[in-house]
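Dear colleague,

I am passing the structure below on to you, and my notes on it follow. Please read them with the model open beside you.

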Amino acid sequence: MLTTDFVPGTPNWIDLGAADTAAAVAFYAAVFGWTFQSAGPDAGGYGFFQRDGGTVAALGPLTEEGASPSWTPYFHTRDADATADAVRRAGGSVRVPPMEVFTAGRMAAFTDPMGAEFAVWQPGDTKGVDTVMEPATLCWTELYTTDAAAAKDFYRSVFSWEYQDMDTGGGPAYAVVHAPGGGAGGGEDTGQGGILELPAENLAAGSGPEWHPYFGVLDCDASFATATDHGATVLIPPSDVPGVGRLAMLRDPAGAVFALITGDPSRT
C-alpha cells in the first residue's frame, strides 16, 4: 500500500497535464470534490488539487510540444541527476532534464524504452502529496506496457524495484511493484503499483504504453456514474476483482486516463 513516508522509488507526487486547466478543475471537482489552489503568479498556471486542506495531486498546462493530456506519476529520488543518468544507461530518454522548482524540490521527466512517461521528485520544502490511501486520493500506480519483462528490467535498473508476479488465471501477466527492500515476499503489504503487458487486442484498439493512477472512492459505481455524467469515456466499466476490490477505468473529457477503486473489505 502507498504511504507518505516516502522512500526512494515510491510514488510521492502526481500531476495532470491539461490543455484546458479550468475544464479539468471543474471535472475533478465534480468527481472527487477536489478544490484547486494556484501555485502563484510565477508558476505558469501550475497548482494543486486539494482535499480537506491537503494536496492530493497537481495540475498544470501542457508545455511539451505534441503532448496529450495525461496523468504523470513521480517517484521519490534523493538525486534527480543520478536518476537521469540511470535512465539513460537503461535505455530510457530524458524529456525534461533535472531542474529546480523554486525551493520546493527538484524534478525531472523521462520516457521508458517502451514509450511510457514518468517523472521523479527530489524533495526540498515539498516532500510530496499530503494524503494517500483515502477516498479521493492516490491509491495505486499502474503501467501498461508492450513488454513487461523489459519494463521490469528497466525500472529495476533505475529504482531497484522488486516484483511479485501474480496468478491472473490465464490473463495478461501482472506484476506488483515493491520499492527496494519492500519485502515482496513478506507479509506486510508494501505493493505500490503494478505492471501489465498489453494484450494484442488492446494495441489494435489504439492503446499504448502509459502510467495511470488509481484514486480511491467510497462507491466505485457512484463515482463512475458521476464521471461519465460529466463527460468521461469508459475504458473498463465497474468490475469486481477478487481480493482487490471494485474498479473502473476512464478517460477524462480531455483524454487523460485514470481509474477508480473501492477496496475489498475482506483485505482490511
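**The second largest pocket**

The second largest pocket has a lining of 50 residues, and D15, Y46, T63, Y74 and M107 are those that lie nearest its centre. A pocket here, on a 1 Å grid over the protein atoms alone, is an open set of points where a 1.4 Å probe fits, with protein on both sides within 12 Å along at least five of seven lines, and lining residues have an atom within 4 Å of a point. This is a predicted model, in which local features need pLDDT of at least 70 and side-chain atom pairs count only at pLDDT 80 or more, while totals for chains, interfaces and linings use all residues. Residues are numbered from 1 along each chain as its sequence is written, and side-chain values use heavy atoms, with hydrogens and water left out.

The volume of the second largest pocket is about 1,300 Å³, taken as the space filled by probe spheres set on the grid points, which are joined across faces, edges and corners. Among the strands (DSSP runs of E, at least two residues, numbered from the N terminus) that each supply at least two residues of this lining are β1 (11-18), β4 (54-61) and β13 (210-216), and β6 gives the most, with five residues.

**Aromatic pairs and cores**

A search of the whole structure finds 33 aromatic pairs, that is, rings of Phe, Tyr and Trp (its six-membered ring) with centres within 6.5 Å, counted as stacked if the planes are under 30 degrees apart, edge-to-face if over 60 and tilted otherwise. The pair of Y28 and F258 is edge-to-face, because the ring centres are 5.6 Å apart and the planes stand at 65 degrees. Since Y28 lies in helix α1 (residues 21-32) and F258 in strand β16 (residues 257-263), this pair ties together parts that are 230 residues apart in sequence; helices are DSSP runs of H or I, at least four residues. Both Y28 and F258 are buried, meaning under 20% relative accessible area with a 1.4 Å probe, protein chains only.

Y28 and F258 also belong to one aromatic cluster, whose members include F27, F32, W34 and W71. In the largest nonpolar core, of 40 residues, Y28, F32, W34, W71 and F258 have the most contacts; such a core is a set of buried Ala, Val, Leu, Ile, Met, Phe, Trp, Tyr and Cys residues joined through side-chain atoms within 4.5 Å. Helix α1 gives the most to this core, with five residues.

With kind regards

Note on methods
Buried means under 20% relative accessible area, exposed over 50%, partly exposed in between (1.4 Å probe, protein chains only).
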